[in-house]
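Subject: Structure handover

Hello,

Here is the structure for you to take over. My notes follow below it.

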Amino acid sequence: MIVRTLAEANKTSRRVVSPDGNWESTRLLLKEDQMGFSFHMTKIYKGADFYMHYQNHLESVYCTAGKGEIENLADGTKHPIEPGTIYILDNHDKHILRAFEELTLACVFNPPLTGKEVHNAEGAYELEAEALS
C-alpha cells in the first residue's frame with residue numbers, strides 16, 4: 001500500500017515548477033511506484049496559454065478548481081474547463097490549454113512519468129530510453 005499526502009509531496013522533489021512559468025505539478029504517483037500510470041496534482045497559472053502535444057503519453061485530466069479552456073487543434077473546437085470537467089487526450093491530441101483563472105487539475109499519465117519531465121519544444125514529455133526499447 002502506498003499512502004502520501006499532497007502537503008508532504010509538495011515539500012519534496014516530486015513538486016516540479018515549469019521553467020516557462022505556466023504550471024506547477026506535484027507528482028504523487030510515479031513510474032518508480034510500479035503502478036503502470038502516474039498521478040499528478042497540477043496548477044495551471046492564471047493567464048497561461050500554451051501548446052501541448054503528448055506524442056508519447058495518454059493523459060486524462062479532471063478539473064477540481066478554476067476556469068479555462070482546451071482547444072483541439074485538429075478541428076479548432078474549444079471546450080470549457082471548470083470544476084467537474086474531465087478531458088481525455090486519447091489520440092495524442094495537439095491542443096492549446098488556456099487558464100482564465102488558476103486551474104487545479106488531477107492528471108493521470110500512461111506510460112507513467114518519472115517525475116522530472118518538463119515539456120519539450122513540441123509540448124511533449126520525452127520517453128526514457130528504456131521505455132523505447
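Helices (H or I, at least four residues) and strands (E, at least two) are DSSP runs, numbered from the N terminus. This is a predicted model, so local features need pLDDT of at least 70, side-chain atom pairs count only at pLDDT 80 or more, and totals for chains, interfaces and linings use all residues. Residues are numbered from 1 along each chain as its sequence is written, and side-chain values use heavy atoms, with hydrogens and water left out.

Fold first. The chain has two helices and ten strands. From the N terminus, the order is α-β-β-β-β-β-β-β-β-β-β-α. Of the 133 residues in the chain, 41% are buried (buried means under 20% relative accessible area, exposed over 50%, partly exposed in between, with a 1.4 Å probe and protein chains only).

Next, strand β8. This strand covers residues 86-89 and contains Ile88. Ile88 is partly exposed, at 46% relative accessible area. Together with Tyr62 and Ile86, Ile88 forms a nonpolar surface patch of about 290 Å² accessible area. Patches take residues with over 30% relative accessible area and no salt bridge; like charges are joined within 9 Å, nonpolar side chains (Val, Leu, Ile, Met, Phe, Trp, Tyr) within 5 Å. A salt bridge is a side-chain nitrogen of Lys or Arg within 4 Å of a carboxyl oxygen of Asp or Glu. Areas come from the Shrake-Rupley method with a 1.4 Å probe; for residues, only the protein chains shown count as cover.

Ile88 also turns up in the largest pocket. The lining has 13 residues, and those nearest the centre are Ile70, His79, Tyr87, Ile88 and Leu89. The volume is about 200 Å³. Strands β6 (68-72), β7 (78-81) and β8 each supply at least two lining residues. β8 gives the most, with four. A pocket here is an open set of points on a 1 Å grid over the protein atoms alone, where a 1.4 Å probe fits, with protein on both sides within 12 Å along at least five of seven lines; lining residues have an atom within 4 Å of a point. Points are joined across faces, edges and corners, and the volume is the space filled by probe spheres set on them.

Now the cysteines. The structure holds zero disulfides (a disulfide is a pair of cysteine sulfur atoms within 2.5 Å). Cys63 is buried, at 1% relative accessible area. Cys107 is buried too, at 4%.

Then the backbone. Most residues other than glycine have a negative phi, and most peptide bonds are trans. Some exceptions follow.

- Gln34 has a positive phi of about 55°. Gln34 sits in the loop between β2 (23-29) and β3 (38-44) and is exposed, at 71%.
- His92 has a positive phi near 50°. His92 lies in the loop between β8 and β9 (94-99) and is partly exposed, at 31%.
- Asn110 and Pro111 are joined by a cis peptide bond, with omega about -5°. Pro111 is in the loop between β10 (103-110) and α2 (129-132).

One last pair. Val108 lies in strand β10 and is partly exposed, at 30% relative accessibility. Val108 and His57 are 51 residues apart in sequence, with their C-alpha atoms 9.8 Å apart in space.

Best wishes
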